[in-house]
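This briefing goes through a single protein chain and the ligand it holds. Please look at the structure first, then read the points below.

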Amino acid sequence: MVSTSGDVLAGPSIVSGFREDLLPMADIVTPNVKEASALLGMQVATVADMHSAAKLLHNLGPRNVLVKGGDLHDSSDAIDIFFDGKDFYELRSSRVKTRNTHGTGCSLASCIAAELAKGSPMLSAVKVAKRFIETALDYSKDLVIGNGPQGPFDHLLRLKNTSCRQEAFNPSDLFLYAVTDSGMNKKWGRSITDAVKSAIEGGATIIQLREKDADTGEFLEAAQACLKICRPHGVPLLVNDRIDIALACDANGVHVGQSDMPARVARTLLGPEKIIGVSCKTPQHAQQAWIDGADYIGCGGVYPTNTKANNLTVGLDGLKTVCLSSKLPVVAIGGIGISNASDVMRLGVPNLKGIAVVSALFDRECVTTETKKLHAVLTEAQ
Ligand SMILES: Cc1ncc(COP(=O)(O)OP(=O)(O)O)c(N)n1
Ligand SMILES: Cc1ncsc1CCOP(=O)(O)O
């Protein structure tokens with residue numbers, strides 16, 4: 001109805017057609033703030049207005065409403081308000097600085113439709129679409145095409161040669177998740193790079209650097225060296241807690257806890273392509289992680305552990321409850337090793353994708369041997 005550039009594309013008769021005929025039939029309506037203003041005859045200029053507009057538009061009949069706030073430039077994030085008639089969700093993505101925004105609304109709506117056709121629930125479809133648009137905007141932000149105030153963005157990025165870009169997150173990478181510990185490596189007289197090399201040799205599918213004692217310079221150097229080991233094997237490397245280190249070395253992503261940098265802020269800082277994991281002990285944590293744009297959650301301690309002091313044990317029941325409430329893939333953590341890994345994997349919840357382990361790999365003499373053994377147990381339990 002009103003393009004991102006502000007051009008009015010539909011006159012009054014079309015607006016009333018929308019209100020009276022189309023909206024009552026729609027599963028979702030996705031107006032930008034100018035379109036919401038035109039449909040409702042009110043000014044929609046703040047996030048609070050977007051909430052009111054979503055509710056008023058919902059009263060016109062569509063099952064779901066997404067009011068898009070990309071044109072509200074006073075926020076550093078692009079904030080959209082999703083309303084399903086019951087709950088409001090504030091969906092954020094980082095604002096990509098570019099003039100190439102022509103076609104974003106149509107692409108977002110098409111992407112939602114495609115996700116729905118694949119069987120996704122509405123809110124998941126909206127979230128996937130929003131991430132896709134953010135990625136495409138970032139991908140095409142520097143294109144120079146035409147002379148107008150706005151340029152087109154390139155939504156065919158996935159069809160192009162993207163070898164220089166990071167691979168999308170694959171939940172099956174969570175299968176055997178090795179989390180390093182500087183104290184344990186010191187105890188066994190090995191460097192962090194040797195520890196990572198050995199874990200990969202044994203079959204670890206993703207690595208997290210959890211270096212609680214390292215100072216910043218030392219941590220960065222270790223992360224850079226570990227990346228050189230991980231990349232050729234296609235094993236993602238995540239950094240525990242330290243968004244700055246992940247950014248500085250261009251790691252694949254981060255893992256954050258409930259008292260660390262919120263995942264929503266981490267997403268803004270890291271952009272759409274990096275992997276973000278969040279520690280969750282409750283369904284509420286899991287719901288928030290999903291809203292905040294995380295890629296997976298780590299749930300535990302499943303069993304008591306000496307590796308993390310004062311850590312609450314949630315047990316297999318707690319793990320199952322979190323998995324069942326989570327829309328994101330889950331990796332179990334805490335006290336897991338060869339003797340109990342199959343009990344965890346046989347929990348019977350499809351989004352439980354693997355186990356994350358510290359001491360069962362690194363508080364051992366031979367990391368490669370222990371990783372191989374654990375890999376075999378997991379494979380058997382699949
Ligand atoms: C995969 C995974 N899950 C959970 C954690 C725990 O993270 P956090 O709660 O931030 O605690 P610390 O690791 O920082 O002590 C994790 N690291 N990895
Ligand atoms: C970091 C962390 N978060 C929850 S439990 C835990 C420690 C896991 O270590 P281990 O595998 O040695 O029990």
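Ala, Val, Leu, Ile, Met, Phe, Trp, Tyr, Cys and Pro are counted here as nonpolar, Asp, Glu, Lys and Arg as charged, and the others, including Gly, as polar. By that scheme, the shell around ligand 1 contains five nonpolar, seven polar and four charged residues. The model is predicted. The points below cover the barrel, its helices, the ligand shell and some backbone details.

**The barrel**
- Eight strands form a closed barrel in the order β5-β6-β7-β8-β9-β10-β11-β12, and their pairing is parallel.
- On average, neighbouring strands of this sheet are turned by 25° against each other, with direction ignored.
- One of the pairings is between β5 and strand β6 (residues 206-209), which run in the parallel sense and share three bridges.
- Val 179 has Gln 208, in β6, as its bridge partner.

**Helices on the barrel**
- Helix α8 (residues 216-233) lies across β6 and β7, and its direction is at about 175° to β6.
- Helix α11 (residues 283-291) packs on the sheet, where α11 touches β9 and β10.
- The direction of α11 makes about 165° with that of β9.

**The shell around ligand 1**
- Which residues come nearest to ligand 1? Of the 16 residues around ligand 1, these are Gly 257, Ser 279, Gly 298, Ile 333 and Ala 356.
- The elements that each give two or more residues to this shell are β5 (176-179), β9 (275-280) and β11 (330-333).

**Backbone details**
- Gly 300 and Gly 301 are joined by a cis peptide bond, with omega about 0°.
- Gly 301 is located in the loop between β10 (296-300) and α12 (315-325).
- Asp 241 is not a glycine, yet Asp 241 has a positive phi of about 70°.
- Asp 241 is found in the loop between β7 (237-240) and α9 (243-249).
- Asp 250 is not a glycine either, and its phi is positive at about 60°.
- The loop that holds Asp 250 runs between α9 and β8 (253-256).

- Is Asp 241 buried or exposed? Asp 241 has 20 other C-beta atoms within 10 Å, and a residue with 20 or more counts as buried, so Asp 241 is buried.
- Asp 250 has 13 other C-beta atoms within 10 Å. A residue counts as exposed at 12 or fewer and as buried at 20 or more, so Asp 250 is partly exposed.

Note on methods
Residues are numbered from 1 along each chain as its sequence is written. Chains are lettered from A and ligands numbered from 1 in the order in which they are written. This is a predicted model: local features need pLDDT of at least 70, side-chain atom pairs count only at pLDDT 80 or more; totals for chains, interfaces and linings use all residues. A residue is near a molecule or strand if its C-beta atom, placed from the backbone, lies within 6 Å of it. Helices (H or I, at least four residues) and strands (E, at least two) are DSSP runs, numbered from the N terminus. Two strands pair if DSSP finds at least two bridges between them. Axes are lines fitted to C-alpha atoms, for helices over the stretch in contact, and angles run from 0 to 180 degrees between N-to-C directions. Two residues are in contact if their C-beta atoms, placed from the backbone, lie within 7 Å.
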